[in-house]
Each structure stands twice: as structure tokens, then as C-alpha cells.
Amino acid sequence: MSHLFSPFILKHTTFKNRIVVSPMCQYSSVDGFANDWHLVHLGTRAVGGAGLVITEAAAVSPEGRITPDDLGIWKDEHVDFLKRITTFIELQGSVPGIQLAHAGRKASHSSAWKGGKALVNSAEAWQTLAPSNIPYAPTDPLPKEMTIAEIKQCIIDFEKAAQRSIDAGFKVIEIHGAHGYLINEFLSPLSNKRTDEYGGSFENRIRLLLEIVDVTKKIIGNNILLFVRISATDWVDGGWTLEDSIKLCTILKSVSVDLIDCSTGGNSRNQQIPVGPLYQVSFSEKIKKECSIATGAVGIITTAEQAESILKNEQADLIFLAREFLRNPYFPLNAAKALGDDIAWPNQYDRAK
Ligand SMILES: Cc1cc2nc3c(=O)[nH]c(=O)nc-3n(C[C@H](O)[C@H](O)[C@H](O)COP(=O)(O)O)c2cc1C
């Protein structure tokens, strides 16, 4: 059996293989509700054999959406349809996960295929929130510096979203701390210029994330797994660094976070990213080794052989794929063939094996 198709056990959860559908915004919701698109999109990738299927960023509050079309989990009414999705994913032998997110200063944008720009002079626009009133792009409307009361409310929003995630049947919760969204904005000295207990020192900048982790852990206990996606570097001088990530992940390990999903960038327009195959794998490797915590590698991993070598070299425990899964929802079924593994196909598709 290859490394890619060997099961992975974290606490009480067994993943049948190491392949994860990485969170991918679908911009296909109305008022935050999941619908048939999400069922078919996520369901197809479970049919395709992924070990873990994670939803796109689900906003914990309406103002935490990137766009008006984002998935959300800010009200109890959102739970029912999500439950239908988790049930289907589990029936395929896959584990359902959800990414909980607040977009911070990158909220109030139009969806990718409607321009992907900050909403200006639009009835759909809303006031964005951030650690400091520094816009991501100079042309973006100014975000509002969050008051302490707004920070506390945001933590409560994550807590309630975690409860709804359990009610909806998710077995993995991933907190989105990457890509320049709210939590990442607090972590990075480039976007956090606060002078209170949520800004300034490293300890203060990580406080929001730790408080969100704390309330989430209290809700989910040991039965649901907690992942955190981070941007392991800002790719900017004077920004958040890999050394910061190692310090942070050592603390996250000590508070029983189960896995770090290692992405990078997204918080500064000055970032210089050497994009190419496997370009973020070294971050996963470093964090896994230095912090003794399970990690996921992500970023231009497109072949079974690449995924297998990352696992063989102990650079990650899970392999997150995004765009490859859009091209090929049956990636795992084909990857097994490529690696010489005989895995079960859905009964309905067995004649095509
Ligand atoms: C259409 C699309 C939507 C995405 N939405 C999210 C998201 O909701 N949350 C997130 O953390 N990353 C998101 N990402 C980033 C992916 O999860 C992944 O980290 C990135 O695409 C690199 O992986 P890849 O090279 O396999 O595509 C998105 C990527 C794509 C292509």
C-alpha cells in the first residue's frame, strides 16, 4: 500500500487515505445557504475517493463573508442543508469537514466571476472590519478598526458556528487563519497596528486566534478534530515569518489543535511568492518537524507521485488539493491506479474500474 492510500488516524477519526479536498469558495450561496450546487460539488469529490472533503470558507457572520454569495453558518437555519451534505459525504466513506472564516478587511467584494473587486457604490456593500483601519488595496474602502466588543462578538460568532458545525455533522473543523483574512490580519504586524491587548507583541497578535481556538475546543471536545489553516509567511520583509509560525504552532499544539494546514501569503500586495510545483511544502515540513504536530501540505500538488513523495519524506501527513480537484474530481481513483493500489470504487462505478 502506498503512503497516499494508507489510512490516517487522528484521535477517534480514521481517514481512509491522505487526500483532502482543500477549501474552495464556490460563490454560489444566497444568504449563506448551501444548496444543490454544494451537495453535488462536494458530493462528487467524496464519490471520487477523497479521504476528507472540506467545504469552502463558511462565514461565521454576514459581515465575515468575502462576497454576498459566500457560504455561511451564522444562523441555525443554515444547518439543515449542510447536514444533507455531511450525510452524503460520510456515506461515501469520506470525512466531512468545514472551514470557519471571517474575511476581515477582505470582505465586501464581488465574486470572482463578477470582477472580484471591493464593492464600492453598491447596495450590496457593507462596512468591513479589521484589527486596524488599513485597507488591503489602497483603493479599497477603509476597514473599521474593531472595538474590543466587536472582537468579543467575533469570538462568540466562531463559537456558535462551531456548535452549528457539529449539529450539521461535520467531523473536522478548520479555522481559517490564512490568506489575509481577519485572523491572519491580527497575526501579521503588517496589518495589525493596535496598541491594546490584541496588537503589538507576538503574544498580543496571536490572542484572537488562541481565544477562538479555546472557545471552539470547549464546544467540540475530543470527538471533532480541530485544524487551523495558517499563512506560514507573508512573503514580505517585516511581515509574519516562518519563525513566527513555528512559535505559534508550538502553542497551538499545546492547546490540542490536531493539524496545521500550511498555506502562505495573501495579506500584502507586496508579497513576492516563488509560485511553482510544491512551493509551500517546505513550510509544512518545517512545522511538522519543529512543532511535532500533524500538518497538511497544499499548493500546486497535482500528481500522485508528488503527493506520495511528500508523505514518504515525512513532509506532511495530509495532502490538500484544490484546483486539481476542479479539473479532476476522481483524482484519488486515478491516483490509486498510478501508485499500483487496489482501492474500492463506489459500487455504482465498479464496472469502469
Ligand atoms: C476556486 C478557489 C477557491 C478557494 N477558496 C478558498 C477558501 O474558501 N478557503 C481557503 O482557505 N482557501 C481557498 N482557496 C485556496 C485553496 O484551498 C488552495 O490553498 C490553493 O488553491 C492552492 O492549492 P492548489 O494549487 O491545489 O489549487 C481557493 C482556491 C481556489 C482555486
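Q: Which polar backbone atom is 2.8 Å from a nitrogen atom of the ligand?
A: Keeping in mind that this is a predicted model, the polar backbone atom in question belongs to C25, and it is 2.8 Å from a nitrogen atom of the ligand. Taken alone, the ligand exposes 610 Å², and the protein buries 81% of that.

Q: And what lies 2.6 Å from an oxygen atom of the ligand?
A: That is a polar side-chain atom of R323, while a polar backbone atom of P23 is 2.8 Å from an oxygen atom of the ligand.

Q: OK, how many residues surround the ligand?
A: There are 16 residues around the ligand, and the closest are S22, P23, Q99, I300 and R323. When the residues of this shell are divided by type, eight are nonpolar, five are polar and three are charged.

Q: Which pocket is it sitting in?
A: The ligand takes up the space of the largest pocket.

Q: Switching topic, how many disulfides are there in the whole structure?
A: A search of the whole structure finds zero disulfides.

Q: What about C291?
A: For C291 the closest cysteine sulfur is again in C249, at 5.1 Å, which is too far for a bond.

Q: Is C291 buried or exposed?
A: C291 counts as buried, at 5% relative accessibility, and C262 is buried too, with a relative accessible area of 0%.

Conventions:
Residues are numbered from 1 along each chain as its sequence is written. This is a predicted model: local features need pLDDT of at least 70, side-chain atom pairs count only at pLDDT 80 or more; totals for chains, interfaces and linings use all residues. Side-chain values use heavy atoms; hydrogens and water are left out. A residue is near a molecule or strand if one of its heavy atoms lies within 4 Å of it. A polar contact is a pair of N or O atoms within 3.5 Å; within protein, one must be able to donate a hydrogen and the other to accept it, and residues adjacent in sequence count only if both atoms are side-chain atoms. Accessible areas come from the Shrake-Rupley method with a 1.4 Å probe; for residues, only the protein chains shown count as cover. On a 1 Å grid over the protein atoms alone, a cavity is a set of points where a 1.4 Å probe fits but cannot get out, and a pocket is an open set with protein on both sides within 12 Å along at least five of seven lines; lining residues have an atom within 4 Å of a point. A molecule sits in a cavity or pocket if more than half of its atoms lie within 2 Å of its grid points. Ala, Val, Leu, Ile, Met, Phe, Trp, Tyr, Cys and Pro count as nonpolar, Asp, Glu, Lys and Arg as charged, and the others, Gly among them, as polar. A disulfide is a pair of cysteine sulfur atoms within 2.5 Å. Buried means under 20% relative accessible area, exposed over 50%, partly exposed in between (1.4 Å probe, protein chains only).
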